[in-house]
Amino acid sequence: MKYLWAGITAFFLIVLCVSAMPHAKLFGAAPNLLLIFVVCWAMIRGQDEVLGVIIIAGFLRDFTTGDPVGVSVLALAPVALLATVREIRLVDNDFVPALGVVAIGTVLFELISGLVIWLTGENVGWMTLIGFKLFPAMLINVIVTPIIYLPLRWVSGDLRSQAPRLGPTLGF
Amino acid sequence: MMIPGRIFLWLLTVMAVSVFSIILSQNQAMDPFQAQYMRLVMPLETLTSDLANPISDFWNGATDHGDLVRQNQELREEIERLQAEVASREDASQRIQELQQLLQVKEARSQDQFVVADVIAFDPSSVRKLIALNRGTSDGIQEGMVVLSAGGSLVGSVSQAFSNFAWVELITDADSVVNAQVQLPGGTLRGVVQGDPRHGLSLQMVSPERPLLVGALVTTSGLGGNYPVGLLIGSIRSIDERPQAASQQGVLEPAASMDRLRSVLVITSFKPARLQAR
C-alpha cells in the first residue's frame, strides 16, 4: 500500500515537473521534485523502503519525459547508498541530513543522467552542466526540500517513536 | 563504510535492468508502452500547464529585480496588483492573439501546410532541450518535421512522434545543428547554428570575408535539405573576437522565446532530407 501511495505521489510530482516547474525557475534551474521526494522518503522512512520507491519513481519519470527508459532509475540509485546517513545519526533529526543528501543527490543525478545520455550518442555540454547548472540545481532543490519533507514527515510521523501518526491509517 | 550485501545486490540488479531498458528504448521497443502511458498523462499535463501559465506570468514579473529595486513601495504594490489582474483576465485574450499570429504565419507561407499544436510539457533534464506537443502521427506529424513558433521563427524539429503526441528537439539543444545564413549589407554569409547549453545558440564556421554585425538576422540556408530556406533563427547578440581564426563565430539571440512556448506550428508539407532518405 505504501508503494502505491509513493507511486501516486511520484506520478503527480512528475507531471508538475514537466508542465509547471519549467515556469518556476530560480537561478536558471527548476526544482527536481521527484529527486527531493525520493530523498525525503529515504531519510524519513528508511533505506529498505526507498529501494522500491526509486524503481517506481525512476521508471515513471522516464515514461513521462523524452529520455531513454532506465536513465532516471540509474540516476536515482545513489540515493539508496546516501540513505545510510540516516542510520549514522550525526544530528538528532532527519531534516538536516536530508538537505545534505538532496544536495549530493542532485549532483549525482545530473552527472549520471548526463553520462548515460552522452553514452547513447547525444551531445552533452559538460562544461556548462558542471560550471553553470549543477550549483543552481543543487541550491533550488535544497530550498524546495522543506515543501516535500514536512508533509511527508507529518504523514509518517517518527517511525522510531510510539506517538500516534497518520501513516497506518493510509496503509503505510 | 561497507555496503550491505543486499544493497549491493539491489544496485547490481537495478543497473542491469536499467541498462536493458535503455537498450530497449534506443531500439524503440518501449515506444508502444510510452505512447499508451502518455495518452493517459497528457490531459493532466495540459491542465497543469494551463494553470501554471498565469502564475508564470506573475512570477516572471515579480522576479524582475532591477525594476523592483528602482521603484518605491506604492509603485511595486501597484505593479503586482496590475500583473495579477493581467494574468488572471488576459490569458484568454493572449490565447486569441497567439492563434491570430499562427494564422498570419499560415497566410504568409500559403504554399506550406501546417498543424497547430500546443506545448504541454518541457523535458526537465538539464542536458536536453525538448518540448512535448499534443499532436502526433495521427495528425500527420513525423520525425524530422520542422517546428515554428507562433511568430513564424524556427523552434526545432520533431525528434520522436507517437500517435497522439510528439517530442520536439529545440534548436537550443546541444545536439541541434542548423545550416544557416547571415543577412549582411551586400550579401549573405553561410554558417552553422548549433545549440549551446550555456548561451542558447552559437553561430560557427562563418567565412571571414565580411565582418559579422551585432543585430544581423540569421536564417536557415536550406543546405542539407533538413530545413526550408528563409526561416528566421535569431539575431547576432555578440561576436567572438578571434583575429587569427579561419572562421568567425558568435552567439545568437533566438527569435523565439524557447521558455515561453505555448503554441507552435509543425510544417507537414516540407519533408526533410532525412525523411525522404527512408
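In the predicted model, the axes of helix α1 (residues 2–19) and helix α3 (residues 47–64), both of chain A, come within 9 Å and cross at roughly 35°. The crossing of α1(A) past α3(A) is right-handed. On the α1(A) side, the residues in contact are A:Lys2, A:Tyr3, A:Ala6, A:Gly7, A:Ala10, A:Phe11, A:Ile14 and A:Val18. They meet residues of α3(A), namely A:Asp48, A:Glu49, A:Gly52, A:Val53, A:Ile56, A:Ala57, A:Leu60, A:Arg61 and A:Thr64. Sorted by class, this contact of α1(A) with α3(A) contains 10 nonpolar, 3 polar and 4 charged residues.

The interface of chain B and chain A was examined next. Chain B contributes 49 residues to the contact, and chain A contributes 52 residues. The two chains bury about 4,300 Å² between them, and carbon and sulfur atoms give 65% of this area. Within chain B, the residues that lose the most area to chain A are B:Trp10, B:Tyr37 and B:Val127, which together account for 14% of what that side buries.

A salt bridge joins the side chains of B:Arg6 and A:Asp48, with an N to O distance of 2.6 Å. A:Asp48 is also among the α3(A) residues that meet α1(A).

On the side of chain B that touches chain A, at least two residues come from each of α1 (5–26), α2 (31–62), β1 (114–122), β5 (166–170) and β7 (187–196). Of these elements, α2(B) gives the most, with 13 residues. By class, the residues on this side of chain B are 26 nonpolar, 13 polar and 10 charged.

How values were computed: Residues are numbered from 1 along each chain as its sequence is written. Chains are lettered from A and ligands numbered from 1 in the order in which they are written. This is a predicted model: local features need pLDDT of at least 70, side-chain atom pairs count only at pLDDT 80 or more; totals for chains, interfaces and linings use all residues. Side-chain values use heavy atoms; hydrogens and water are left out. Axes are lines fitted to C-alpha atoms, for helices over the stretch in contact, and angles run from 0 to 180 degrees between N-to-C directions. Helices (H or I, at least four residues) and strands (E, at least two) are DSSP runs, numbered from the N terminus. A crossing is left-handed if the near helix is turned anticlockwise from the far one by less than a right angle, and right-handed if clockwise. Contact means heavy atoms within 4.5 Å. Ala, Val, Leu, Ile, Met, Phe, Trp, Tyr, Cys and Pro count as nonpolar, Asp, Glu, Lys and Arg as charged, and the others, Gly among them, as polar. Buried area is the accessible area (1.4 Å probe) that two parts lose on being put together, summed over both. A salt bridge is a side-chain nitrogen of Lys or Arg within 4 Å of a carboxyl oxygen of Asp or Glu.
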